[in-house]
Amino acid sequence: MKAVFFEKLGGADVLQYGEFPQPKAQSGETLVRVKACGVNHLDIWLRHRTNTPLPHIPGSDVAGVVEKINGQGEFHVGDEVVINPAIPCGRCARCQKGQPCELVRIFGAATHGGYAEYVVVPITQLHPKPKNLSFTEAAAFPLTFLTAWHMLVSRAQLVRGESVFIWGASGGLGMAAIQIAQHLGGRIIAAAKSQDMAKKIRKHGVDDVIVYTEEDVVGRVNSLTSGYGVDVVFESIGQKTWNQSLAMLRPYGRAVIAGTTSGNEATMDLSDLYVRQLSIFGARMGTKSEFEDVLKLVGERKLQPKVDSVFSLSDTAKAQERMEKGEHVGKIVLEI
Ligand SMILES: NC(=O)c1ccc[n+]([C@@H]2O[C@H](COP(=O)([O-])OP(=O)(O)OC[C@H]3O[C@@H](n4cnc5c(N)ncnc54)[C@H](OP(=O)(O)O)[C@@H]3O)[C@@H](O)[C@H]2O)c1
Ligand SMILES: [Zn+2]
């Protein structure tokens, strides 16, 4: 089959487009013909550092058609499906209680992924593709919407009328957060790197945008919230923004973090945590039932994945370069 893979770590130039052995579905697995695959920042991290054996095919967000099934279940050959990229171990104490798995693996990181004509996944990861969504739209939501949902609904528990500040608002995760925060009735303040990007983000229905390269972010948040600060900060940037994130929280505020795009190191004043009674939540993907909640709302168009651009599989390096330069708004998708 045709696939995009890398045999050594490095820049986008290590991505090779060529022939790769087609995977075989083992017992309990299904072979899916990939129609579209979303690009995630994760795919870029992987070619810089991974413990996965090389060569590796990335790609966590797959929409496609069932080609073979090696086991029981509700799906048949020819069904249009999306893949839940959060693969739980099924055995740990938390899995037994239906909670997020302690040992969850990411499809496309721990396994070969969807930058290919075919993928193999456990049958339990399959979900029906909403009929009113194209394959491209269906490949533009799984990882980011599942994670953003887990962050805002389950971890930070944002509720109607509360304010949320979203870093990385133009990115895949950030755009998902905007949609979900709107759905929850939150008041949204988004970060943008330029006036031009601010204009694009404003179109997606946020209440306010702060250009973090030009403005005093914490000061603006304070003036927009009558001096109180926000209830929730949505973090995926890390090192460069963490201190501002904590500083803009009101007492009893919650910071929820799922990524460290700018780096992992941060220092903080611990007294701040107890004096202002702040909470910090980490988040990594979500549960099967959270995926089903998101899928239902996406199917009803109450949550709408935003497709920034579409590339062919042979142009994957260009797609990743667009992401690395931060030119995108929403999801970049590969059509296969
Ligand atoms: N834990 C999980 O389960 C999980 C799931 C999905 C994603 N993630 C992580 O979340 C992060 C975002 O993923 P993604 O796929 O949404 O990536 P993406 O589409 O590339 O979005 C990243 C966004 O971060 C912003 N950004 C980058 N550097 C910044 C800086 N120094 N200061 C402020 N903003 C900056 C960029 O927007 P501007 O340049 O316009 O500000 C960009 O839109 C990644 O680190 C990813 O690994 C984690
Ligand atoms: Zn588990």
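Ligand 1 lies between domain 1 (2–140 + 305–335) and domain 2 (145–282), because both domains give residues to the shell around it. The model examined here is a predicted one. In this model, 32 residues surround ligand 1, and the closest of these are His41, Gly168, Gly171, Leu173 and Gly259. Two or more residues of the shell are contributed by each of helix H1 (41–48), helix H4 (142–155), helix H5 (172–184) and strand E11 (187–192). By class, the shell around ligand 1 comprises 14 nonpolar, 15 polar and three charged residues.

The two-domain division of the chain assigns residues 2–140 and 305–335 to domain 1, and residues 145–282 to domain 2. Taken over C-alpha atoms, the centres of domain 1 and domain 2 are separated by 28 Å. Ten residues from domain 1 and nine residues from domain 2 take part in the contact. On the side of domain 1 that touches domain 2, three residues are nonpolar, five are polar and two are charged.

An open sheet is formed by six strands, arranged in the order E12-E11-E10-E13-E14-E15 with parallel pairing. Strand E12 (208–211) and strand E15 (279–282) are the edge strands, each pairing on one side only. From one strand to the next, the twist averages 20°. Within this sheet, strand E13 (residues 230–235) pairs with strand E14 (residues 249–257) in the parallel sense, over five bridges. Glu235 stands opposite Ile257 in E14. Helix H5 packs on the sheet, where H5 touches strand E10 (163–166), E11 and E13. The direction of H5 makes about 170° with that of E10. Both H5 and E11 are also among the elements that give two or more residues to the shell around ligand 1.

Helix H1, another contributor to the ligand shell, packs with helix H11 (residues 316–324) at an angle of about 105°, and the axes of the two helices are 10 Å apart. H1 is therefore roughly perpendicular to H11. On the H1 side, the contact is made by His41, Asp43 and Ile44; on the H11 side, Gln320, Met323 and Glu324 take part. The contact of H1 with H11 has two nonpolar, two polar and two charged residues.

Note on methods:
Residues are numbered from 1 along each chain as its sequence is written. Chains are lettered from A and ligands numbered from 1 in the order in which they are written. This is a predicted model: local features need pLDDT of at least 70, side-chain atom pairs count only at pLDDT 80 or more; totals for chains, interfaces and linings use all residues. Domain bounds come from an automatic or database domain assignment. Two residues are in contact if their C-beta atoms, placed from the backbone, lie within 7 Å. Ala, Val, Leu, Ile, Met, Phe, Trp, Tyr, Cys and Pro count as nonpolar, Asp, Glu, Lys and Arg as charged, and the others, Gly among them, as polar. A residue is near a molecule or strand if its C-beta atom, placed from the backbone, lies within 6 Å of it. Helices (H or I, at least four residues) and strands (E, at least two) are DSSP runs, numbered from the N terminus. Two strands pair if DSSP finds at least two bridges between them. Axes are lines fitted to C-alpha atoms, for helices over the stretch in contact, and angles run from 0 to 180 degrees between N-to-C directions. Angles under 35 degrees count as roughly parallel, over 145 as roughly antiparallel, 65 to 115 as roughly perpendicular and the rest as oblique.
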